[in-house]
Each structure stands twice: as structure tokens, then as C-alpha cells.
Amino acid sequence: MKDIITDSLKSLTDLKKWDEIIFKAVCSTTCISAAMVLEAIDDELAKDRDRELRMIGKRPKTIVTKFGSLKINRRMYKDKSGRCRFLLDESIGLIAGSQATAALQTTALKLAAKMPFRQAATVLEETSGGVLSHQMIHRILQLRGQDLDKVENITTKALIENGELPKSKDKKVERLFVEADGTMINLQREIKRKAEVKLFTAHEGWEEIGKNKYKLINKTVLAGLKTADEAWNRFTAQLLTIYHPQVLSHLIIGGDGATWIRSGADLFMDSTYQLDRFHLRRAMLRATGNIGSASKIYSLAAAGEPGAAIALLEDVKKRSPRRAVELKKAANYIRANITGLVDYRLRIRNADEDMRGLGAIESNIDKIIANRMKKRGMAWSYSGAHNMAKVIQMLANKESTISSKVKQMPQTIVKTITRNILKSLKADPSAWLTSRMPALIGPHQSRPWVKHLRDLSQ
């Protein structure tokens, strides 16, 4: 501790480095203390273990935490079946095959879902004691994405093939609003050069959070690169984990007019399809090239007069024959989305005055998907992009990130460990620490790093 204070005082001459020196010293001290505590826990677990577990010996392990890396030696056992076990790993939730703790992996995932992997590794190194390479962060994300996709696939398959409803909260709401959209991303090392990331959002309405500012209530997100049919099936299964099946018969479904979105609306009984106002207006403006004409055509279509809107498009084509192709596409666009032209609030029963127009999907696909996966000239493998989409979905839904299986440690052991350590520290701190740090009494006891350890024991 004396060295920490001395270093901190010396660093006051350079305030730019002051907090870094203190931070590194605190992390270093914590790593030393944590390693000793973990080995003390391993000692107690050895005493309290099932005697059918045969002790093989000790094995080293490096643990990378948010406060730095620490090395420990813990006991390995074999059970009656011959399976190797580490009681310490099981008790504190160390993830098999990974050095990073669950907390550090969670932080790495949050960074990687927002920025390139190399940048995420740099930010992690600058803001925490834990250091992970960009390759390790990439691996953590891919493995988590695969796990999420596997669970999602099992739930969906049970629903579609066997009619087995997933475990659900059975929440009941009067209305559920669903919007879907897709964005194209670049692929690399694949037969196809492009792929569409599909995004679904569902919410229960809007909450005003400021003047003319609203947020979606209880938003649920699903993202991925699966086919339209499979994506809708997965989204259905996801909604059923939250809502009572009856809720899915009262969906308001919005989209930009894409065939896969319109066909999805047919999957749900008594659902109401709504063509997104922004896309309708934009399609008419692109076709006519004139704001005045586009506004008139848009108004007619939105009022439920597709015939009049198409007739007006024909008039424009006579005056501007060079726009014939675009105008024909606009007319077909209106015909294809004829069931979704009129505002849904004019077509449903018991419309609430708090209901707002749809269209939140446009900003959602930009913020949730495009900023990470489409911009900056990025290219992906198909599986890599799908796994990234799954992790982004998980974070958007505020679901648990990395789950570590923790075997509950008996309270008797917890109390014994706490009592013994506190008793030893109170009676003779240096004795307890010396037993954990042979270097204090070894041939290197005069070296600076050993002096630092000795200061800790005092």
C-alpha cells in the first residue's frame, strides 16, 4: 500500500497519467488479493467435498477479469464416471474453455455490437483492467450468437412442427403493434455478394417522454438473415414466449410494401396491415419527380381511393412519357398494397386516441442494424452476420448476455472462508499472506515487486 501512495504522489506532476497510475495500481492489488481468496475457497471446497471425488492434483488457470488477469492453481478431481471436475470453477461460475469472466465477456459483447472488433478491443483495454484481443472478442460474439440461434431454432421447431407452445409469461394486451423491414449488407467469401438482414419490432403502444417525443412501450426485437417464412416463424415463437396466443390475433402490422412483409400479415388471423406512410410518399415522389403531383396522388391513395390515384399517375405519364417505367412501378405498388393504404386507425374497432402512426421501423433498422453492419464499407460471412444480428437482438431486448452456470456454494463454506480469512488478517496479516505468497520469504525477497507484496501484508 505504501508503494501505491508513493507512486500516486509522484504522478501528481503529470495529471494526465495520474488516474492511469492509480487505476493500474488498484487493479494489480485487486488481482493479487482475488487470486489468494480464490485459492482459499478452493482449500475449503477440498475439505467439504464429496469423498467419492478423487483428487488428481492442481492445475493452473489464468482468469481475465474486468480488473485484470490473475493466475491461480486449483484442484482437479475425477468423479465415479471418470469425468474431470474443478469445484472452484463450478462454484464461482468460470466458463469452460474461456479465460474471460462472464462480466468481462458481457462488456466485450456490448462494445462489439456497436463498433468494429479491433476498436472494441482498444476501448476495452483503455477502460478496464481486462485485455482481450479482437480475435477473442470476435470468437466470444460468434459463440454467443450461435447459442442464441440454437435456442431460438429449437423453440421455433417445437412450435411449427409439433404445435408445442413455448414457456410463456402469457401477458395479455389489447393491441400489439408489429413492424418489419430489411436492409442489404455486403457478403464476403460467399456465393452471393449481398444478403438481407431482416428486423422485426413489436410494441404495446407509445409513451410520451417530452414535447412531441415518444418512446415505444415494451419493445421486442428479432433480427437475422433467415428466409422470410422462417423469420416470421421465429418471430411468432418469440412473441409467444411473452404474450398469450390470443394477443396474436389482434396485430397491427406495418411495413414498406415488401412482399415478404405483406405475406407475413396473412399468417395472423384478424391482423391489420398498414403500408408505411413514408415509403408510400417517397414512391410517389420518385415516380412523378414533382412534389405537387406526388402529394395529390399520395392523398388519394391514403384516403382509400386507389383508382383515382392510379388514374392521376396515368395523366402524369401522358405528360411525361419518359417517366413511364417509374410511373408504372408506382401504380403496381399501389395495387399490391391496396389493403394497407388507409390509416389503420380508421379501420379497426375501438381505436384509441393515443394511437400514433406507424413508421418507427425506419429509425430502428438504422440505429440497431445498419450502423454496425452496413456502414463503413463492412462485409461479412453469412454465419458471422447472422450471429452478429442475434447478439444485437439480445442487447436490444435487454436479455442476459453471458450466462455462467454457477453451482451454489454451501453457506457453511462461505461462512467458514470468511471467518478464517478475517481471523487470520486480524491476528497476523503477514502470516496469512506469506503462506499464500512464498516469494515474501524466498530468494527474491529484496526485489521491488516483492517489496510491494510485503507492503500489502502490512
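Figure 1. Leaving out residues up to four places away in sequence, Ala370 touches Ile365 and Lys375, where contact means heavy atoms within 4.5 Å. Ala370 belongs to helix α13, helices (H or I, at least four residues) and strands (E, at least two) being DSSP runs numbered from the N terminus. With a relative accessibility of 7%, Ala370 counts as buried; the classes are buried under 20% relative accessible area, exposed over 50% and partly exposed in between, with a 1.4 Å probe and protein chains only. Ile185 is 185 residues from Ala370 in sequence, and the two are 8.3 Å apart in space, C-alpha to C-alpha. This is a predicted model, in which local features need pLDDT of at least 70 and side-chain atom pairs count only at pLDDT 80 or more, while totals for chains, interfaces and linings use all residues. Residues are numbered from 1 along each chain as its sequence is written, and side-chain values use heavy atoms, with hydrogens and water left out.

**Figure 2. The protein chain as a whole.** The secondary structure of the protein chain comprises 17 helices and 11 strands. Of its 458 residues, 45% are buried. Among contacts in the protein chain with a separation of 6 or more, 63% are between residues 24 or more positions apart.

**Figure 3. The nonpolar cores.** A nonpolar core is here a set of buried Ala, Val, Leu, Ile, Met, Phe, Trp, Tyr and Cys residues joined through side-chain atoms within 4.5 Å. The largest such core has 43 residues, of which Phe200, Trp232, Phe235, Leu280, Met284 and Ile334 touch the most other members. Helix α7 (residues 228-240) provides the largest share of this core, six residues. When its neighbours within four places in sequence are set aside, Met284 is in contact with Ala294, Ile297, Tyr298, Ala330, Tyr333 and Ile334. Another core, of 39 residues, lies apart from the largest one and has Ile140, Val221, Ala223 and Ala389 among its members.

**Figure 4. Packing of helix α10 against helix α11.** The axes of α10 (residues 291-302) and α11 (residues 306-319) come within 7 Å and cross at roughly 160°; axes are lines fitted to C-alpha atoms, for helices over the stretch in contact, and angles run from 0 to 180 degrees between N-to-C directions. At this angle α10 is roughly antiparallel to α11, on a scale in which angles under 35 degrees count as roughly parallel, over 145 as roughly antiparallel, 65 to 115 as roughly perpendicular and the rest as oblique. Ser293, Lys296, Ile297, Leu300 and Ala301 of α10 meet Pro306, Ala308, Ala309, Leu312, Leu313, Val316 and Arg319 of α11. By class, this contact of α10 with α11 has nine nonpolar, one polar and two charged residues, where Ala, Val, Leu, Ile, Met, Phe, Trp, Tyr, Cys and Pro count as nonpolar, Asp, Glu, Lys and Arg as charged, and the others, Gly among them, as polar.

**Figure 5. Packing of helix α6 against helix α7.** Helix α6 (residues 134-162) and α7 have axes that come within 9 Å and cross at roughly 90°, which makes α6 roughly perpendicular to α7. The contact is formed by Asp149, Glu152, Asn153, Thr155, Thr156, Leu159 and Ile160 of α6 together with Glu230, Asn233, Arg234, Thr236, Ala237 and Leu240 of α7. Its residues comprise four nonpolar, five polar and four charged.

**Figure 6. Helices α4 and α5, with Thr127.** Helix α4 (residues 102-112) packs with α5 at an angle of about 135°, their axes being 9 Å apart, and α4 is therefore oblique to α5. From α4 the contact involves Leu104, Thr107, Ala108, Leu111 and Ala112, and from α5 Phe117, Ala120, Val123 and Leu124. These residues divide into eight nonpolar, one polar and no charged. Thr127 also has its place in helix α5 (residues 117-127) and, at 55% relative accessibility, counts as exposed. The C-alpha atoms of Thr127 and Phe67, which are 60 residues apart along the chain, are separated by 9.9 Å.

**Figure 7. Two loop residues with positive phi.** Most residues other than glycine have a negative phi. Arg189, in the loop between β4 (176-187) and β5 (194-203), has a positive phi near 55° and is exposed, with a relative accessible area of 70%. Asn350, in the loop between α12 (324-336) and α13 (360-373), likewise has a positive phi near 55° and is exposed, with a relative accessible area of 62%.
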